[in-house]
Amino acid sequence: MIVVAIVNVLILGALYDHFCWPPDDGHYAHVAERILDGEILHRDIEDFHTDNSHAINVAALALFGRDLRSLRIPLVAVTFAQSLLLFWVFRTRSSRTAGIAAVALSSLSFVQYLNPQPHWYCLMLAVAMVALLTPPRPRSFGRLMLLGALVGTTFLFRQLTGVLLGMGVVAYLLVECPDSSGREEGGFCGRALLVLMAVAEMGYLTRATDLTGFLLFGIWPVILLLWAAVRSRASDREVSRILAGIVGGALLAGAPTVLYHSMHGSLAGWIRDCLLSALEVEALPYLSVHRYAHFVSTAFDQLLYWREPTTILNSLYWLLLPLFGVLNGMFLLNHLRHDPALKSGGVALPFIAAFYGPIALFNQIPMYLYYAIGLLVAGVLWTRSADIPSRGSLWEPVVVAVSLVALVFHAGQPATRTLMDVVAGVRIPLVTNARVPRASLWLEARVIDIYGELVESIHRETGPGDPIFVLPNHPEVYFLANRKNPFWFPNTSLALHSLSELERVLQMLRDAPPALVIHAPRDRHNTDRSEAIMEAVSDGYDRIAVIGEFVVYRKRDPVASAHIASAHVARAHPPAIRY
């Protein structure tokens with residue numbers, strides 16, 4: 001374990017401050033700073049993300065300073081802790097296998113997309129669930145409550161992940177139950193619940209993915225749920241006990257959040273943002289543009305026609321990486337075929353990993369693949385070393401090679417690389433940022449130049465207390481320039497649900513026009529509503545600069561700004577948002 005700890009320190013210490021995806025980093029920093037300054041989430045600020053990650057980000061800014069780098073520090077601690085916890089889960093295996101699995105989890109997770117995403121906290125919670133489910137564990141009600149609390153906490157980081165892991169935990173517990181025959185007749189409720197969960201999972205997957213994604217990651221939890229429905233012999237009483245513990249623990253985990261919002265008058269907003277508006281995110285059209293089939297076909301083409309060793313190595317990497325979902329599922333089913341009663345030991349790790357895998361289907365790009373792949377790789381090592389130790393040792397060098405390629409060619413790299421560059425393992429150099437304030441990170445020189453010039457322009461045109469308006473997204477500008485956002489949202493495409501909300505924005509622009517309006521016209525979040533706002537802005541603002549993808553507009557004068565009229569609302573038709 002000491003060696004694993006040292007390797008983690010080296011990896012995380014070398015990479016934690018590399019790269020930044022400004023809209024994402026800026027979103028979390030902007031919302032956290034507003035909360036830190038006294039605003040109430042879901043009352044004064046609209047955001048579909050649930051509360052836990054924001055709470056950690058607020059604490060990070062308060063403890064470590066108002067800088068984007070501060071948001072990385074909790075994630076460094078979480079990544080370090082989950083690696084050691086996974087090593088402990090593998091304690092019944094050889095130290096070599098445990099060490100490889102633990103380091104692979106660190107190499108294939110946070111350092112591949114250095115961003116304060118809730119996914120990284122969910123990964124830690126998934127590992128904690130595995131640790132609780134891995135024998136020997138007492139079948140106590142307290143264990144069920146603790147598992148439920150972990151599921152509830154995951155939901156408060158990311159709703160969909162909490163639901164998927166909750167189904168996996170319940171399914172495993174129902175299979176883990178001893179046979180109820182001889183004690184009481186029953187078992188129908190458990191089997192019915194498992195079939196219902198399989199139908200629900202299938203319903204989500206038919207909307208969320210294509211055939212390739214389904215075969216790579218989606219089919220396995222469905223198969224496991226149906227297998228569990230056939231295999232489970234848990235009595236109805238035991239099913240009730242399991243559900244009471246899981247639901248009770250989840251409610252206990254959510255109680256502080258509900259109490260907080262009840263005390264601050266934001267409970268209705270929390271329900272609206274996190275349970276209703278969050279469903280709209282799945283409808284964003286850019287989520288269906290990218291497919292893992294594109295990565296596989298590009299990697300295959302490069303493998304056939306390129307001769308550079310690094311390109312060939314990375315092509316093999318991208319051909320293999322998405323297949324770990326398939327490998328984990330196949331090896332797990334093979335193990336269950338020979339040991340359906342789990343007499344030889346638990347398979348909680350590959351089982352929960354199979355339910356975690358569909359997270360990669362939400363947006364089929366490398367970052368979402370990395371959210372899930374580390375746990376799937378660990379699941380493969382677990383089943384191979386459980387069935388035949390020699391086969392486990394055969395997979396160890398493969399996992400070591402995958403981890404090395406991930407670290408050498410992809411860790412800490414910007415998300416602006418093209419598909420060809422990513423598959424070929426092309427690295428983009430990063431430099432120390434000394435120009436952009438509040439971003440003590442290694443960034444691309446182009447990013448530093450754009451944001452440096454933009455922030456300098458904002459500081460020339462505005463004072464510390466002056467509000468600015470950035471649309472349709474890019475809340476990082478508020479944070480980096482240290483200027484106030486006058487509206488309740490950081491992203492127009494996810495906030496302006498109706499024409500009345502659009503009219504409210506236009507009215508606020510008439511009553512108190514911000515000093516600057518900054519527009520990213522090529523941003524994928526532009527809609528009819530943002531176009532209507534910009535038409536209104538053109539009546540009272542002058543364009544003064546084009547900086548990278550941003551167009552900067554300065555308020556003309558108080559008289560001219562009054563020309564922003566409600567007639568612009570009509571220009572936002574049709575009512576449905578167009579992307």
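Student: On a 1 Å grid over the protein atoms alone, a cavity is a set of points where a 1.4 Å probe fits but cannot get out. With that settled, how many cavities of 30 Å³ or more does the structure hold?

Tutor: This is a predicted model, and it holds three cavities of 30 Å³ or more.

Student: How much space lies in the second largest cavity?

Tutor: The second largest cavity contains about 60 Å³. Its lining consists of C20, P22, L68, V436, A439, L443, V447, Y451 and L480.

Student: And how does that lining divide by class?

Tutor: The lining of the second largest cavity has nine nonpolar residues, with no polar and no charged ones.

Student: Which residues line the largest cavity?

Tutor: H27, E46, D47, F48, D273, S277, F489, P490, N491, L494 and A495 line the largest cavity, where about 90 Å³ of space lies. By class, that lining has five nonpolar, three polar and three charged residues.

Student: Which of them gives the most?

Tutor: α11 does, with eight residues in the lining of the second largest pocket.

Student: What is the make-up of this pocket's lining by class?

Tutor: There are 15 nonpolar and four polar residues in the lining of the second largest pocket, and no charged ones.

Student: You mentioned α8. How is it placed against α10?

Tutor: The axes of α8 and α10 (residues 211-231) come within 9 Å of each other and cross at roughly 25°. Angles under 35 degrees count as roughly parallel, so α8 is roughly parallel to α10.

Student: Is the crossing left-handed or right-handed?

Tutor: α8 passes α10 in a left-handed crossing.

Student: Which residues make the contact?

Tutor: On the α8 side they are M167, A171 and V175, while α10 contributes L225, W227, A228 and R231.

Student: And by class?

Tutor: The contact of α8 with α10 has six nonpolar residues, no polar ones and one charged residue.

Key. Residues are numbered from 1 along each chain as its sequence is written. This is a predicted model: local features need pLDDT of at least 70, side-chain atom pairs count only at pLDDT 80 or more; totals for chains, interfaces and linings use all residues. Side-chain values use heavy atoms; hydrogens and water are left out. Helices (H or I, at least four residues) and strands (E, at least two) are DSSP runs, numbered from the N terminus. Ala, Val, Leu, Ile, Met, Phe, Trp, Tyr, Cys and Pro count as nonpolar, Asp, Glu, Lys and Arg as charged, and the others, Gly among them, as polar. Axes are lines fitted to C-alpha atoms, for helices over the stretch in contact, and angles run from 0 to 180 degrees between N-to-C directions. Angles under 35 degrees count as roughly parallel, over 145 as roughly antiparallel, 65 to 115 as roughly perpendicular and the rest as oblique. A crossing is left-handed if the near helix is turned anticlockwise from the far one by less than a right angle, and right-handed if clockwise. Contact means heavy atoms within 4.5 Å. On a 1 Å grid over the protein atoms alone, a cavity is a set of points where a 1.4 Å probe fits but cannot get out, and a pocket is an open set with protein on both sides within 12 Å along at least five of seven lines; lining residues have an atom within 4 Å of a point. Grid points are joined across faces, edges and corners, and a volume is the space filled by probe spheres set on the points.
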